[in-house]
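Here's a walk through a single fold, one neighbourhood at a time. Keep the viewer open and follow along.

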Amino acid sequence: QRQMCIRDSNSPDPDNEYFSDGLTEEVIGDLSRIDALRVISRTTAMRLKGMEQDLRSIAHELDVRYILEGSVRKAGNSLRITAQLIDTRTDSPVWADKYSGTLDDVFEIQEQVSRAIVDSLKVKLSVEEEQRLVVPAVNPVAYDAFLRARRDIWSFTQEGVDKALRELQDALEIVGEDVLLYRGLGLANWQYVNAGLSGDPAYIERAEDYARRIIAIDPESHHGFSLLGYIAVQKGDIATWVRQFERAVAVEPRDPDYLMWLAMGWLVAGHTDRAEPYQARLLSIDPLMDLLHFSLGLAKYHAGDFEGALELFKKAHQLS
């Protein structure tokens, strides 16, 4: 199995950082669907963005051989993307390329980058894996609005979540019904309660409505399952929490958020043994996720190992 980490090394415009982060995450997601690759997930990768730490040290810390570095420049509708795959054992590039286009071309470029990496590593794909690399059609206006809104949703501020709702609703008027926009609107409404910005249950009801709209468009959408899972967390409905994240993980088995929330659900339910496989998978792909270490500490706490739990809680706090 080939191990790799992907990081955005130099995307200079802070106003467009949301877009380079989103594209980095998409390529990580694409390559994570290839069984022959172990790809470090976004939470850990984002901690390394722009760091001056030498690549060999990063590779040693994360137990990877290859690092994909890249940068994104976005001016209006125009894009310029550079990427290079480095073998840290030899400190030399295995592959490098540059791509130019518009926002409408971003998914085609994303697929080209993913396929070029697979080819350069001489990975033989199954028919199913070939299909996984095909990027589904997504409206570029909806995609751009979702990435902007997601940045604001996770600001945990009233101003940020208010702004996210406005951007998503504006995009919805242009695009019409759209899974990504409904996911963003659902998350934004849920975040009012999750972040303690409001105790009004109407926000959770609206979030649930958007989840149902997603499932009406695509009954097998992990976006709908996970949104229902987040809502169940707020409601304290542990059975639905676990069930919905199990459905999301079945569709996206290496998504770090889904794995973490599923593990946490089993821990809260008192089934430490059922949480362990998901924690182990997450530890392999996202070793610097703060909530992972919190969940590992919670498992030790339930087992009566308070000293071990305290060390893991300190690690989670340090990472957070």
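## A walk through the helices

Let's start at Gln-110: setting aside neighbours within four places in sequence, its contacts are Leu-23, Glu-26, Val-27, Asp-30 and Val-135. Keep in mind that you're looking at a predicted model. Gln-110 sits in helix 4, and with a relative accessible area of 2% it is buried.

How much of helix 1 is buried? The count is 13 of the 16 residues, so helix 1 is largely enclosed by the rest of the structure. As background, an α-helix has 3.6 residues a turn, so residues three or four places apart point the same way.

Now pick out Phe-19. Its relative accessibility is 0%, so Phe-19 counts as buried. The structure holds 15 aromatic pairs, and one of them is Phe-19 with Tyr-143, an edge-to-face arrangement at 6.1 Å centre to centre with 80° between the planes. Phe-19 belongs to helix 1 and Tyr-143 to helix 6 (residues 140–153), so this pair ties together parts that are 124 residues apart in sequence.

Tyr-143 itself comes out at 2% relative accessibility, so Tyr-143 is buried too. It also pairs with Phe-107: the ring centres are 4.9 Å apart and the planes are at 70°, so this pair is edge-to-face. Here the link is between distant parts of the chain, with Phe-107 in helix 4 and Tyr-143 in helix 6, 36 residues apart. Helix 4 covers residues 106–120. Phe-107 has a relative accessible area of 11%, which means that it is buried.

Stay on helix 6 and move along to Ile-153. At 1% relative accessibility, Ile-153 counts as buried. What does Ile-153 touch, not counting residues up to four places away in sequence? The list is Val-161, Ala-164, Gly-184, Leu-187, Ala-188 and Gln-191.

Check its backbone: phi of Phe-156 is near 60°, a positive value in a residue other than glycine. Most residues other than glycine have a negative phi. Is Phe-156 buried, exposed or partly exposed? Its relative accessible area is 42%, and that makes Phe-156 partly exposed.

For another backbone of this kind, jump to Asp-63, where phi is positive at about 60° although the residue is not a glycine. Asp-63 is in the loop between helix 3 (55–62) and strand 3 (66–75). With 55% relative accessibility, Asp-63 counts as exposed.

Back to Phe-156, which also belongs to an aromatic cluster together with Trp-154, Trp-190, Tyr-230, Trp-241, Phe-245, Tyr-258 and Trp-261. Trp-261 is a handy way into the next region: it lies in helix 12, and beyond its neighbours within four places in sequence it contacts Tyr-230, Val-233, Trp-241 and Phe-245. Its C-alpha is 13 Å from that of Asp-290, which is 29 residues away along the chain.

Finally, look at how helix 12 (residues 256–268) packs against helix 10 (residues 222–235). The two are at an angle of about 35°, and their axes are 11 Å apart. The crossing of helix 10 and helix 12 is left-handed. Which residues make the contact? Helix 10 contributes His-222, His-223, Ser-226, Tyr-230 and Val-233, while helix 12 contributes Asp-257, Tyr-258 and Trp-261. Sorted by class, the contact has 4 nonpolar, 3 polar and 1 charged residues. Tyr-230, Tyr-258 and Trp-261 turn up in this contact and are also members of the aromatic cluster.

Conventions: Residues are numbered from 1 along each chain as its sequence is written. This is a predicted model: local features need pLDDT of at least 70, side-chain atom pairs count only at pLDDT 80 or more; totals for chains, interfaces and linings use all residues. Side-chain values use heavy atoms; hydrogens and water are left out. Axes are lines fitted to C-alpha atoms, for helices over the stretch in contact, and angles run from 0 to 180 degrees between N-to-C directions. Helices (H or I, at least four residues) and strands (E, at least two) are DSSP runs, numbered from the N terminus. A crossing is left-handed if the near helix is turned anticlockwise from the far one by less than a right angle, and right-handed if clockwise. Contact means heavy atoms within 4.5 Å. Ala, Val, Leu, Ile, Met, Phe, Trp, Tyr, Cys and Pro count as nonpolar, Asp, Glu, Lys and Arg as charged, and the others, Gly among them, as polar. Buried means under 20% relative accessible area, exposed over 50%, partly exposed in between (1.4 Å probe, protein chains only). Rings of Phe, Tyr and Trp (its six-membered ring) pair if their centres lie within 6.5 Å; planes under 30 degrees apart count as stacked, over 60 as edge-to-face and the rest as tilted.
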